[in-house]
Amino acid sequence: MKKTIIILTSLMTLTTVACVVGFWGYQQIIAYPSQLLSIEKPVELTIAQGMNVTKLGADLENKQFITDSWKLKYLLKIKPEYAHIRTGLYQINPGDSIDSLLTKLNRGDEMTFSVTLIEGKTIKEWHESLVDLPHLTFDEQVFNRVLIKNGDESGLPEGKFFPETYQYQANDSLEAILDRSYQMMQKTLATAWGERDKDLKLTTPYELLTIASIIEKETGKPSERDWVAAVFNNRLKLGMRLQTDPTVIYGMGERYNGNITRSDLREHTAFNTYRINGLPPTPIAAPSKAAIFAAAKPADVNYLYFVSRNDGSHVFSETLAQHNRAVNEYQRNRK
């Protein structure tokens with residue numbers, strides 16, 4: 001019985017529309033959704049609170065994107081589902097029709113943007129890529145606000161945000177995006193810490209994060225990550241200094257010009273692992289998931305040294321004599 005009532009109501013609506021506009025007008029209204037929008041390039045369209053289809057039609061016609069917007073009034077009687085448009089920022093594309101646009105607005109298919117936090121970069125380096133993001137406001141304290149929101153009042157955001165590409169919409173905030181990044185890093189770090197090797201010479205997840213950031217800076221070669229991790233873990237177990245250049249560079253800050261001198265290696269900074277024992281006080285970059293798990297599960301090798309081959313790979317050695325030979329071959333004799 002209910003189905004019969006709906007069918008009868010629909011027939012009455014069609015009959016009413018046909019009576020008002022006539023048969024020719026009715027055919028025009030039925031065909032109206034297939035009308036293409038008159039645009040040559042993508043256009044952003046904001047649907048604000050209180051906007052309805054007839055107001056939208058008038059606005060689109062005023063911009064000369066469509067014609068005969070009065071037909072929408074009658075079209076809604078035939079297809080009332082078109083009326084349920086959602087607020088947000090949308091994109092109109094060349095080739096869009098009135099039907100495809102209204103369907104998009106019905107579904108709430110808002111414009112999506114992305115921001116990429118690149119692994120191996122510092123918070124300061126990330127600043128440069130966050131300044132001009134569309135529909136987001138950036139300020140340098142946003143990372144610290146996320147820390148405070150999550151109960152971390154250290155004021156030390158370095159390394160605590162997961163490097164990844166994040167999708168967002170126009171009504172999102174950068175703080176909300178970075179909160180997702182922070183939560184993802186916390187989850188990843190907790191999982192890695194829970195799965196860590198028993199003989200790992202680290203006492204806290206934060207130390208794991210710090211070592212992972214150094215591994216990230218030392219090598220981008222996937223097959224070497226757990227070997228680099230092993231070198232650092234073996235050194236920590238023996239009480240040897242880490243002696244890793246990326247920490248020196250980080251400690252130099254703006255003074256770093258692409259080269260490290262002997263005086264730089266002798267300088268006392270909190271991050272110069274040629275002069276300090278153990279770990280630097282904070283991570284030196286954003287480590288990837290792979291670097292974090294490599295730090296938690298170093299390779300079962302006895303390496304204590306490694307030196308670059310200058311092609312992205314390294315030579316690993318167990319003794320100082322072996323290491324010196326590798327240094328002579330790949331570093332000291334370079335022309």
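Start by selecting Ser317, which you will find in strand β6 (residues 314-317). Keep in mind as you look around that this is a predicted model. Ser317 has a relative accessible area of 2%, so with a cut-off of under 20% it counts as buried. Now show its surroundings: leaving aside residues up to four places away in sequence, Ser317 touches Tyr303, Leu304, Tyr305, Gln322 and His323.

Next, colour helix α7, residues 174-194. From first C-alpha to last, its 21 residues reach 30 Å, close to the 30 Å expected at 1.5 Å a residue. Which residues of α7 are buried? Among them are Leu174, Ile177, Leu178, Ser181, Met185, Leu189 and Trp193. A handy rule for viewing helices: an α-helix has 3.6 residues a turn, so residues three or four places apart point the same way. The buried residues of α7 pack against β3 (113-116), α5 (123-130), α6, β4, α8 (205-218) and α12 (289-296).

Arg196 lies over the face of Trp193, 3.8 Å from the ring centre.

For the last stop, look at aromatic pairs, of which the model has 11. Select Phe143 and Phe161: their ring centres are 5.0 Å apart and their planes meet at 85 degrees, so this pair is edge-to-face. The two residues are 18 apart in the chain, with Phe143 in helix α6 (residues 142-149) and Phe161 in the loop between α6 and β4 (165-168). Are they buried or exposed? Both Phe143 and Phe161 are buried.

Notes
Residues are numbered from 1 along each chain as its sequence is written. This is a predicted model: local features need pLDDT of at least 70, side-chain atom pairs count only at pLDDT 80 or more; totals for chains, interfaces and linings use all residues. Side-chain values use heavy atoms; hydrogens and water are left out. Rings of Phe, Tyr and Trp (its six-membered ring) pair if their centres lie within 6.5 Å; planes under 30 degrees apart count as stacked, over 60 as edge-to-face and the rest as tilted. Helices (H or I, at least four residues) and strands (E, at least two) are DSSP runs, numbered from the N terminus. Buried means under 20% relative accessible area, exposed over 50%, partly exposed in between (1.4 Å probe, protein chains only). A charge sits over a ring if NZ of Lys or CZ of Arg is within 6 Å of the ring centre and within 35 degrees of the ring normal. The expected span of a helix is 1.5 Å times one less than its number of residues. Contact means heavy atoms within 4.5 Å.
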